[in-house]
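Dear colleague,

Please find below the structure for your review. My notes on it follow directly after.

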Amino acid sequence: MHRLELLSALDLGRTLDRLASQVLESAIDSRSLLLLGIPTRGVALAEVLAQRLAAMTGHPIDQGTVDPTFHRDDLERVGTRLGQPTDLPVTLDGRQVVLVDDVIFTGRTVRAALEALQAWGRPKRVSLLAMVDRGHRELPIQPDFCGRVVPTRRQESIQLCLQAIDGEEGVYLLRPEP
């Protein structure tokens with residue numbers, strides 16, 4: 001695969017700051033925010049955003065995980081993986097939930113995450129944050145907060161690298177070798 005840099009570490013940092021500011025501006029009460037990462041990279045991204053939001057607000061931001069694996073309608077196409085358990089540090093009831101994912105593609109993962117949330121409570125509002133929107137939507141789902149829109153071909157993919165996991169930071173477009 002050929003790897004093309006879309007966002008450098010510096011650009012990624014600025015984008016994360018912008019996204020955190022947008023989430024904060026949309027919040028009615030920052031103490032009611034709950035960031036829920038969608039495995040796998042959305043979980044790490046939610047942790048990074050929670051740290052940035054905590055620095056901006058002066059108080060911790062609740063953060064957890066919602067695993068949509070068993071709510072997917074396309075398991076035969078994408079296959080199953082070992083699920084990362086849903087981890088909710090607080091009740092969803094009355095909270096401003098921000099679903100966090102690294103890349104939005106067809107919209108099916110987000111649809112499954114929304115369905116998974118229904119089993120855990122009734123948030124006041126649910127928003128979606130994606131670092132990259134690569135297009136090819138199959139469902140009418142759009143991010144409320146988006147780091148970058150990158151039109152891609154179906155055979156291409158996007159890779160978000162974070163220091164804590166990869167030892168480097170940036171966003172990359174992966175293309176098959178010609």
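Which side chain of opposite charge is nearest to Arg 134, and how far away is it? Please bear in mind throughout that this is a predicted model. The nearest such side chain is that of Glu 156, at 6.0 Å. Arg 134 is buried and yet has no salt bridge, since a salt bridge is counted within 4 Å.

**Surroundings of Arg 134**

Arg 134 sits in the loop that connects β5 (125-133) with β6 (145-149). Its side chain does have polar partners: the side chain of Thr 152 is in polar contact with that of Arg 134 at 2.9 Å, and the backbone oxygen of Arg 153 is reached by the Arg 134 side chain, also at 2.9 Å. Leaving aside residues up to four places away in sequence, the residues that Arg 134 touches include Val 103, Ile 104, Phe 105, Pro 151 and Glu 156. Glu 156 is itself buried, with a relative accessible area of 5%. The salt bridge of Glu 156 is with Arg 153, at 3.3 Å from N to O.

**The sheet**

The strands form an open sheet of 5, in the order β3-β2-β4-β5-β6, and their pairing is parallel. The edges are taken by β3 (62-65) and β6; each has a single partner strand, so one side of each lacks a neighbour in the sheet. On average, and with direction ignored, neighbouring strands are turned by 25° against each other.

Strand β2 (33-37) is mostly covered, 5 of its 5 residues being buried. Leu 33, Leu 35 and Gly 37 point one way from β2, while Leu 34 and Leu 36 point the other way. On one side, β2 pairs with β4 in the parallel sense over 5 bridges, and Gly 37 has Val 100 as its bridge partner in β4. Strands β2 and β3 also run parallel and are joined by 4 bridges; here the bridge partner of Gly 37 is Thr 65.

Helix α1 (residues 9-26) lies across β2, β4, β5 and β6, and runs at about 150° to β6. Helix α2 (residues 41-57) packs on the sheet as well, where it touches β2, β3, β4 and β5; the direction of α2 makes about 130° with that of β4.

Gly 42 belongs to helix α2 and is buried, with a relative accessible area of 0%. Not counting residues up to four places away in sequence, Gly 42 touches Gly 37, Val 100, Asp 101 and Asp 102. Between the C-alpha atoms of Gly 42 and Leu 99 there are 8.4 Å in space, although the two are 57 residues apart in sequence.

In helix α4 (residues 108-118), the buried residues are Arg 108, Val 110, Ala 112, Ala 113, Ala 116 and Leu 117. Their cover includes β2, β4 (96-104) and β5.

**Charged pairs**

The whole structure contains 11 salt bridges. One of them is formed by Arg 52 and Asp 17, whose closest N and O atoms are 2.4 Å apart. Because Arg 52 lies in helix α2 and Asp 17 in helix α1, this pair ties together parts that are 35 residues apart in sequence. Both residues are partly exposed: Arg 52 has 24% relative accessibility, and Asp 17 has a relative accessible area of 40%.

Another salt bridge joins the side chains of Glu 115 and Arg 111 at 2.7 Å, N to O. These two residues are 4 apart in helix α4, which means that about one helical turn separates them. Glu 115 is partly exposed, at 36% relative accessible area.

Finally, what is Arg 108 linked to in a network of salt bridges? The network consists of Arg 108, Glu 138 and Arg 154. Arg 108 is in helix α4 and counts as buried at 18% relative accessibility. The side chains of Arg 108 and Glu 138 are in polar contact at 2.6 Å. Arg 134, by contrast, is buried without a salt bridge.

Yours sincerely

Technical notes. Residues are numbered from 1 along each chain as its sequence is written. This is a predicted model: local features need pLDDT of at least 70, side-chain atom pairs count only at pLDDT 80 or more; totals for chains, interfaces and linings use all residues. Side-chain values use heavy atoms; hydrogens and water are left out. Buried means under 20% relative accessible area, exposed over 50%, partly exposed in between (1.4 Å probe, protein chains only). Lys and Arg count as positive and Asp and Glu as negative; His and the chain ends are not counted. A polar contact is a pair of N or O atoms within 3.5 Å; within protein, one must be able to donate a hydrogen and the other to accept it, and residues adjacent in sequence count only if both atoms are side-chain atoms. Contact means heavy atoms within 4.5 Å. Two strands pair if DSSP finds at least two bridges between them. Axes are lines fitted to C-alpha atoms, for helices over the stretch in contact, and angles run from 0 to 180 degrees between N-to-C directions.
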